[in-house]
Amino acid sequence: MSNSPQSDPSCLFCKISDGRIPSQRIYADDFCTAFLDINPVNHGHVLIVPRHHHKDITELPSEVASQVAKVLPILAKAVVRATGADGFNVIINNGAVAGQTIFHGHWHIIPRFHDDSVNWPWPHSDYSGDQIHQIAFAIERELRSIQDLS
Ligand code: 5GP
Ligand code: ZN
């Protein structure tokens, strides 16, 4: 369970969610809002932002996560139709090391075009020996201790 405040007065996305800072909003419900990223990777780049302050998605109450999961495919379909995109990426940056710059968890929907100049995909590595079993075992053990999948 998260101890996050409902709104952090110093948080940009709280201010945008509250309407204290303007944004080009495309969607809103009781749990989240969606608006255009001000510096888009491609035009039509949308951010889905929970209304209340949670620093990243591991802090989200399940009802908020559920609502985002429900609306995300619909928003993505609208983005693709509106932009004529050939596809899209859904990205979540969690933590500075992963590229998060606004510490109010959020989802990116980035429309993609065959001729765009986005440097993607990222490189892949591999496992050797028993590594894949060990990491799977460690994750499953943590899941059992969290037990928040209901
Ligand atoms: P992050 O790097 O944290 O995953 O994503 C933050 C995103 O917020 C960036 O893509 C950035 O362009 C966007 N952003 C930063 N400031 C503003 C703003 O004032 N308004 C809007 N609409 N987007 C912003
Ligand atoms: Zn916030």
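**Briefing: His104, the zinc site and the cores**

Leaving out residues up to four places away in sequence, His104 touches Cys11, Phe13, Cys14, Val49, Pro50, Arg51, His52, His53, His54 and Lys55, where contact means heavy atoms within 4.5 Å. The model is a predicted one, in which local features need pLDDT of at least 70, side-chain atom pairs count only at pLDDT 80 or more, and totals for chains, interfaces and linings use all residues. Residues are numbered from 1 along each chain as its sequence is written, chains are lettered from A and ligands numbered from 1 in the order in which they are written, and side-chain values use heavy atoms, with hydrogens and water left out.

**Overall fold**
- The chain has three helices and five strands, arranged along the sequence as α-β-β-β-α-β-β-α; helices (H or I, at least four residues) and strands (E, at least two) are DSSP runs, numbered from the N terminus.
- Of the 150 residues in the chain, 32% are buried, with buried meaning under 20% relative accessible area, exposed over 50% and partly exposed in between (1.4 Å probe, protein chains only).
- Among contacts in the chain with a separation of 6 or more, 56% are between residues 24 or more positions apart.
- Taken along the principal axes, the box filled by the C-alpha atoms is roughly 50 × 45 × 25 Å.

**Zinc site and His104**
- Cys11 (SG), Cys14 (SG), His53 (ND1) and His104 (ND1) coordinate the zinc ion (ligand 2) at 2.0 to 2.3 Å; donors are N, O and S atoms within 2.8 Å of the metal (3.2 Å for Na, K and Ca), and sites may look incomplete because water is not among the atoms.
- The site of the zinc ion (ligand 2) is tetrahedral, with angles of 106 to 117° among its four donor atoms, the criterion for four donors being that all angles lie between 85 and 135 degrees.
- Along the chain the donors of the zinc ion (ligand 2) have the spacing C-x2-C-x38-H-x50-H, and the pair of Cys14 in helix H1 (residues 12-18) and His104 in the loop between strand E4 (87-91) and strand E5 (107-112) links distant parts of the chain, 90 residues apart.
- Both Cys14 and His104 are buried, and His104 has a relative accessible area of 0%.
- The side chain of His104 also reaches the backbone oxygen of His52 at 3.4 Å, a polar contact being a pair of N or O atoms within 3.5 Å; within protein, one must be able to donate a hydrogen and the other to accept it, and residues adjacent in sequence count only if both atoms are side-chain atoms.

**Nonpolar cores**
- The largest nonpolar core has 14 residues, and those with the most contacts inside it are Val46, Ile48, Leu75, Trp107 and Ile109; such a core is a set of buried Ala, Val, Leu, Ile, Met, Phe, Trp, Tyr and Cys residues joined through side-chain atoms within 4.5 Å.
- Strand E2 (32-36), strand E3 (46-50), helix H2 (62-83) and E5 each supply at least two residues of this core, to which H2 gives the most, with seven residues.
- A second, separate core of seven residues includes Cys11, Phe13, Phe35 and Val49.

**Surroundings of ligand 1**
- Ligand 1 is surrounded by 16 residues, of which the closest are Leu36, Asp37, Asn93, Thr101 and His108, a residue being counted if one of its heavy atoms lies within 4 Å.
- Oxygen atoms of ligand 1 lie 2.4 Å from a polar side-chain atom of Asp37, 3.0 Å from a polar side-chain atom of His106 and 2.8 Å from an N or O atom in the side chain of His108.

Methods
Four donors count as tetrahedral if all angles lie between 85 and 135 degrees; four count as square planar and six as octahedral if opposite donors are over 155 degrees apart and all others between 65 and 115; anything else is irregular.
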